[in-house]
Amino acid sequence: MNEHSGAQPSKTSYFTVFLLIAGLVFLAVGVSFAELGPSAVYANLLIAGLQSCLLGYFFMHLKGAGQLTWLIVGAGLFWLAILFALLLTDYLTRHIAAY
């Protein structure tokens, strides 16, 4: 059963999003070869976040999804934020226990 609420996206929009994601891949490769030091990790994480947002919004059809789907996506992102916060607290307090 098809539950899409909107019309199907055109092939040009799929191709445009594909080119954007491919461009972001090449940008990530460029950032990894640049001498940015520790900030290269943050730049690549930002690029990866943009790629995942584009993938979810267009290719997983979140653009025309209902409220329940957006609630599930929000719950997943909230859980991911909790996991990153717990990881960060462990990482930031690890040097204290070592000395």
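This is a predicted model: local features need pLDDT of at least 70, side-chain atom pairs count only at pLDDT 80 or more; totals for chains, interfaces and linings use all residues.
**Overall layout**
- The chain has three helices and zero strands, and along the sequence they follow the pattern α-α-α.
- Of the 99 residues in the chain, 11% are buried.
- The accessible surface of the chain is about 8,200 Å², and carbon and sulfur atoms account for 75% of that area.
- Counting contacts between residues at least 6 apart in sequence, 56% join residues at least 24 apart.

**The nonpolar core**
- Which residues make up the largest nonpolar core? The eight are Val 17, Ile 21, Leu 24, Ala 28, Val 31, Ala 40, Ile 47 and Leu 54.
- Both α1 and α2 supply at least two residues of this core, and α1 gives the most, with five.
- In soluble globular proteins, nonpolar side chains tend to be buried together.
- Within α1, the buried residues include Val 17, Ile 21, Leu 24, Ala 28 and Val 31, and α2 is part of what covers the buried residues of this helix.
- An α-helix has 3.6 residues a turn, so residues three or four places apart point the same way.

- Leaving aside residues up to four places away in sequence, Ala 28 touches Asn 44 and Ile 47.
- Gln 51 sits in helix α2. Is Gln 51 buried or exposed? Its relative accessibility is 16%, and because buried means under 20%, Gln 51 counts as buried.
- With the neighbours up to four places away in sequence again left out, Gln 51 touches Ile 21, Leu 24 and Val 25.
- Leu 27 belongs to helix α1 and is partly exposed, at 45% relative accessible area.
- Leu 27 and Ala 43 are 16 residues apart in sequence, and their C-alpha atoms are 9.8 Å apart in space.

- Phe 15, Phe 18, Leu 19, Leu 55, Phe 59 and Met 60 make a nonpolar surface patch of about 620 Å².
- Met 60 counts as exposed because its relative accessible area is 62%, and the cut-off for exposed is over 50%.

**A backbone detail in the loop**
- Most residues other than glycine have a negative phi.
- His 61 is not a glycine, yet it has a positive phi of about 60°.
- Where is His 61 found? His 61 lies in the loop between α2 and α3.
- At 27% relative accessible area, His 61 is partly exposed.

Definitions and conventions:
Residues are numbered from 1 along each chain as its sequence is written. Side-chain values use heavy atoms; hydrogens and water are left out. Patches are made of residues with over 30% relative accessible area and no salt bridge: like charges are joined within 9 Å, nonpolar side chains (Val, Leu, Ile, Met, Phe, Trp, Tyr) within 5 Å. Accessible areas come from the Shrake-Rupley method with a 1.4 Å probe; for residues, only the protein chains shown count as cover. A salt bridge is a side-chain nitrogen of Lys or Arg within 4 Å of a carboxyl oxygen of Asp or Glu. Buried means under 20% relative accessible area, exposed over 50%, partly exposed in between (1.4 Å probe, protein chains only). Helices (H or I, at least four residues) and strands (E, at least two) are DSSP runs, numbered from the N terminus. Contact means heavy atoms within 4.5 Å. A nonpolar core is a set of buried Ala, Val, Leu, Ile, Met, Phe, Trp, Tyr and Cys residues joined through side-chain atoms within 4.5 Å.
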